[in-house]
Amino acid sequence: MRCRFCGSKDVEVHLRMYNLRLCRADFVSFVKKRVSYAIEKFRLFREGEEVVVAVSGGKDSLGLLHILHDLGWNVSGYFLDLGIEGASDVAKRVIEGFSKRFAIPVHIESLVDVFGWPIPEVARRLRRPACSLCGTLKRYYMNRFALGKVLATGHTMFDEAGTLLANVLQWKVSYLSRQSPKLSEEEGFARKVKPLVFVTERETAMYCFFQGIDYVESPCPLSKGATSRVFKRHLLALEEDMPGTIIRFLKGFYSARKQITFPEEERQGLSPCRNCGYPTSAGDLCAVCRMKAKLESSPA
Ligand code: SF4
Ligand code: ZN
């Protein structure tokens with residue numbers, strides 16, 4: 001078997017989804033082309049715009065930052081140190097090493113500095129699961145940093161297909177009407193984009209390996225029991241039995257969506273938080289300022 005693109009005998013990758021065998025160099029340019037294709041197809045961003053990639057230290061976000069930089073986009077990274085003992089320090093070290101090695105700037109912010117408490121303590125004091133609180137805080141601080149720029153996240157094909165499957169199984173029509181690799185900017189919100197929507201996690205792992213990118217392999221120690229993993233596991237099993245199913249599912253949805261008439265959504269009115277100005281529909285304080293107020297009044 002030879003590389004489909006250059007004919008070399010040094011085939012290192014077999015992508016069953018496309019029935020494609022590739023050498024290392026052609027695989028790397030194939031992944032970059034998938035990213036460029038998504039950027040063009042969904043008009044994620046244009047020349048001259050500043051893109052910020054939210055990095056966690058994992059293969060997807062670091063791979064994405066490397067790809068966009070290599071493709072010549074005006075890009076930098078943003079890392080929010082969540083203060084999770086052990087895991088956050090390891091991620092920070094990996095990201096600092098990446099930034100230095102590839103000369104790509106990454107802005108690092110600590111949740112303790114900007115919010116006052118690390119995630120495990122927030123969850124313990126408020127007696128709520130860490131992930132929902134963490135999601136709210138990450139969205140808030142990432143958005144704050146990326147305002148006026150474009151915020152890119154490392155969600156991959158199976159993340160996006162998993163969300164689609166979950167929304168279909170529960171017929172969440174309003175979520176389906178909005179599901180897209182691009183959420184346009186609005187007053188107080190940065191544009192959010194997912195350039196890896198046509199790239200799989202296996203591909204980002206191979207990309208990082210071939211480019212010599214170190215990344216954190218272990219999942220967040222607080223992630224146990226996330227339902228998104230269940231959907232992903234089933235999608236992976238489907239893909240294993242019928243290669244190409246997932247990309248058809250996702251692409252089919254994006255083109256079918258144009259023909260579906262979704263009911264007009266009653267948009268909840270947003271007004272600025274009286275404390276920090278972040279747009280909120282939940283009263284006069286946003287979710288983060290309410291969280292802060294509760295923490296200040298809760299026992300240590
Ligand atoms: Fe935060 Fe949960 Fe993700 Fe860990 S798994 S980073 S706690 S959202
Ligand atoms: Zn606020």
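**Strand pairs, sheet and zinc site**

Me: Which residue in β2 stands opposite Val 11?
Reply: Cys 23. Further along, Val 13 has Leu 22 as its bridge partner in β2. This is a predicted model: local features need pLDDT of at least 70, side-chain atom pairs count only at pLDDT 80 or more, and totals for chains, interfaces and linings use all residues. Residues are numbered from 1 along each chain as its sequence is written, chains are lettered from A and ligands numbered from 1 in the order written, and side-chain values use heavy atoms, without hydrogens and water.

Me: How many bridges join β1 to β2?
Reply: Four, between residues 11–15 and 20–23, with the strands antiparallel. Strands here are DSSP E runs of at least two residues, numbered from the N terminus, and pairing takes at least two bridges.

Me: What's in the turn?
Reply: Four residues separate the two strands of this hairpin, and Asn 19 in the turn has a positive phi of about 50°.

Me: OK, the sheet. What's the strand order?
Reply: β5-β4-β3-β6-β8-β7, six strands in an open sheet with mixed pairing. β5 (106–110) and β7 (182–183) are at the edges with a single partner strand each, so one side of each has no neighbour in the sheet.

Me: How does β7 run against β8?
Reply: Antiparallel, with two bridges to β8 (residues 191–193). Lys 182 faces Val 193 of β8 in that pairing.

Me: Switching to the metal. Which protein donors does the zinc ion (ligand 2) have?
Reply: The SG atoms of Cys 273, Cys 276, Cys 286 and Cys 289, lying 2.2 to 2.3 Å from the zinc ion. Donors are N, O or S atoms within 2.8 Å of the metal. Their sequence spacing is C-x2-C-x9-C-x2-C.

Me: Why is the arrangement called tetrahedral?
Reply: Because the angles subtended by the four donor atoms are 106 to 114°; the term requires all angles between 85 and 135 degrees.

Me: And which residues are around ligand 1?
Reply: Leu 82, Cys 131, Cys 134, Lys 138, Cys 220, Leu 222 and Ser 223, counting a residue if a heavy atom lies within 4 Å.

Note on methods:
Donors = N, O, S within 2.8 Å, 3.2 Å for Na, K, Ca; no water. Tetrahedral: all angles 85-135°; square planar, octahedral: opposite > 155°, others 65-115°.
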